[in-house]
Amino acid sequence: MITQFNNPRQIARDLLRNSVSNDLWLENQQFVTRCRDGLQQHPIAEHSTIQALNRGSFGFDAMQKIHLDYRHAIVQIFTDALLMAQVQSRQLERKLAPGTKMYARFLLTLNTLDEFGFKPGIDRDGYYRGNPLEAHYPLYERVLDEFGISVNERTTYAYSPQADRVRGFLEDAYGDFASVVALLAVAERVVVLFSASLRENAKVVGIETGTGYYLNHGASDDLQAEADDDTHEDDLWYVLMQAISPTEYARITDLCERYCDLWVDFWNAQMSVLEQEVKEQVTA
């Protein structure tokens with residue numbers, strides 16, 4: 001057998017597709033389509049913060065607070081959740097053919113490689129290209145450096161209860177493979193929805209956005225970024241289509257909706273900061 005190495009994403013998706021019965025895959029595919037359509041109708045998809053950020057409405061201090069809260073809610077733990085999904089894919093061994101869990105792990109790894117600072121291609125020595133300094137979490141910390149936020153301020157910052165609830169909800173899902181994969185897919189959708197807008201407001205307050213974290217986050221069709229968050233979201237839904245059965249549909253739907261509700265609360269809290277800024281300017 002000749003092993004193919006070109007187009008690894010499609011190879012993995014095809015293997016996932018063929019690892020379960022055709023009837024189950026089609027049923028799961030229809031469920032995921034309904035789930036994604038429902039998320040598009042959720043209030044998070046058109047939250048007022050998106051347009052406020054696009055207008056550059058948030059001042060420097062408010063953007064500092066948003067970035068600290070966002071760091072706690074998702075940036076610090078995103079790769080934790082990805083790695084937990086890798087580990088918990090072992091749960092597939094109870095219902096699928098031996099070795100099949102590696103198809104999900106392979107597809108999840110494409111996301112992990114981006115997060116860890118690897119780049120497509122080979123270096124001058126014929127090895128993988130990458131640098132841990134280009135991992136997304138350190139890149140985000142460099143954004144906080146630009147905001148002038150010290151390490152001590154980061155560790156002692158009193159993040160909002162809303163940020164803590166978003167974080168805790170994802171962390172509570174670590175023990176179940178389908179749950180953590182579904183929530184990661186939703187988290188990628190939130191990143192796609194808000195990254196470009198955060199970048200626009202960051203520009204307004206003087207933050208460099210042409211390199212680093214903001215260059216690597218958003219949708220693949222964003223001409224101002226080198227991002228693939230929408231592609232990673234698609235990958236996660238593919239992994240979920242291999243993992244679930246109809247008995248789990250209601251639970252997964254409820255889980256995704258509640259996570260989106262928490263994100264709405266998170267962004268409502270950020271909008272309240274803006275509203276307070278406006279109120280103070282009026283009364284000054």
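User: How many nonpolar, polar and charged residues does the lining of the largest cavity have, by class?

Analyst: Keep in mind that this is a predicted model. In that model, the lining of the largest cavity has seven nonpolar, three polar and three charged residues.

User: Which residues are the closest to its centre, I mean the centre of the largest cavity?

Analyst: The largest cavity holds about 130 Å³ of space, and of the 13 residues that line it, Val75, Phe78, Glu115, Tyr213 and His217 are the closest to its centre.

User: And which helix gives the most to that lining of the largest cavity?

Analyst: That is α4, which gives three residues to the lining of the largest cavity, while α4 (60–75), α5 (78–88), α7 (136–146) and α10 each supply at least two.

User: How many cavities of 30 Å³ or more does the count come to?

Analyst: The count comes to two, and the second largest cavity has a volume of about 30 Å³. Its lining is made up of Leu39, Ile44, Val186, Arg189, Val190, Leu193 and Cys260, which divide into six nonpolar, no polar and one charged. Here α10 gives the most to the lining, with four residues.

User: α10 again, then. At what angle do α10 and α11 pack?

Analyst: Helix α10 (residues 177–204) and helix α11 (residues 229–243) pack at an angle of about 160 degrees, and their axes are 9 Å apart. Because of that angle, α10 is roughly antiparallel to α11, and the crossing of the two helices is left-handed.

User: Which residues of α10 and α11 meet there?

Analyst: On the α10 side they include Phe177, Val181, Leu184, Glu188 and Arg189, and these belong to a set that meets residues of α11, among them Asp229, His232, Leu236, Trp237 and Leu240. By class, the contact of α10 with α11 has 13 nonpolar, one polar and five charged residues.

User: Switching to pockets, what volume does the largest pocket have?

Analyst: The largest pocket has a volume of about 1,100 Å³. It is lined by 33 residues, of which Pro8, Arg9, Phe106, Leu110 and Leu113 are the closest to its centre.

User: Which elements give two or more residues to the lining of the largest pocket?

Analyst: They are α1 (8–18), α6 (101–116), β1 (118–122), β2 (128–130) and α11, and the largest share, nine residues, comes from α6. Taken by class, the lining of the largest pocket has 17 nonpolar, eight polar and eight charged residues.

Definitions and conventions
Residues numbered from 1 in each chain as written. Predicted model: local features only at pLDDT ≥ 70, side-chain atom pairs only at ≥ 80, totals over all residues. Heavy atoms only, no water. Axes fitted to C-alpha atoms, helices over the stretch in contact; angles between N-to-C directions. Parallel < 35°, antiparallel > 145°, perpendicular 65-115°, else oblique. Left-handed = near helix turned anticlockwise from the far one by under 90°. Contact = heavy atoms within 4.5 Å. Nonpolar A, V, L, I, M, F, W, Y, C, P; charged D, E, K, R; others polar. 1 Å grid on protein atoms, 1.4 Å probe; cavity = no way out; pocket = protein on both sides within 12 Å on 5 of 7 lines; lining within 4 Å. Points joined across faces, edges and corners; volume = space filled by probe spheres on them.
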